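Good morning, colleagues. Please look at the structure on the screen while I go through it.

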Amino acid sequence: MAKDLTNPSPELFLKVMKRIRREERILAIKKITIFSTILVASLAGLIPAVKMLVEELQSSGSLIFSDFEIVKDYWQTFSLAILGALPAVSIALCFAVLLILLQSVKALSKNIKIVSNIKHLAIR
């Protein structure tokens, strides 16, 4: 007797769905590992970047703390001088590291959510 190939067995659907969910879970766990590593690295990089920014801001010296009345009278000229004296590289570095940190937290939470949802949706 020939097998009916047009109608697959009912167990086949369950096997395929279990395999798909297992692969999704494995992929999510791999992503969690990668994004956790990126998160730790960006946290480690944020500390020296902020220290560098603070040091450069302190070394530039600011008139705003020593004589506020002069700053108030000549605020337009002072704002242009401040823009020219800002440590742009340090600020850009801090923002870049902070952006990487926030993106890794976002991706990490998304993948943790995927892993936790797959456990609840598992076909038995």
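Let me begin with a term: a residue is buried when its relative accessible area is under 20%, exposed when that area is over 50%, and partly exposed in between, with a 1.4 Å probe and protein chains only. This is a predicted model, in which local features need pLDDT of at least 70 and side-chain atom pairs count only at pLDDT 80 or more, while totals for chains, interfaces and linings use all residues. Residues are numbered from 1 along each chain as its sequence is written, and side-chain values use heavy atoms, with hydrogens and water left out.

I turn to the overall fold. The protein chain has 5 helices and 0 strands, and its elements run α-α-α-α-α from the N terminus. Helices here are DSSP runs of H or I with at least four residues, strands are runs of E with at least two, and both are numbered from the N terminus. Of the 124 residues in the protein chain, 16% are buried. Contact means heavy atoms within 4.5 Å. Among contacts between residues at least 6 apart in sequence, 89% join residues at least 24 apart.

Is S90 buried or exposed? S90 is buried, at a relative accessible area of 1%, and belongs to helix 5, residues 88–120. Its contacts, leaving aside neighbours within four places in sequence, are M52, L53 and E56.

Next, the surface. The accessible surface of the protein chain comes to about 9900 Å², and carbon and sulfur atoms account for 69% of that; such areas come from the Shrake-Rupley method with a 1.4 Å probe, and for residues only the protein chains shown count as cover. Which residues make the nonpolar surface patch of about 450 Å²? They are L57, L80, I82, L83 and L86. A patch is made of residues with over 30% relative accessible area and no salt bridge, joining like charges within 9 Å and nonpolar side chains (Val, Leu, Ile, Met, Phe, Trp, Tyr) within 5 Å. Helix 4, residues 75–85, gives the most to this patch, with 3 residues. L80 is found in helix 4 and is exposed, with a relative accessible area of 62%.

Finally, the charged side chains. A salt bridge is a side-chain nitrogen of Lys or Arg within 4 Å of a carboxyl oxygen of Asp or Glu, and the count by this rule is 1. R19 is paired with E23, their closest N and O atoms being 3.1 Å apart. Both residues lie in helix 1, residues 10–60, and are 4 residues apart, about one turn of the helix. R19 is partly exposed at 42% relative accessible area, and E23 is partly exposed at 37%.
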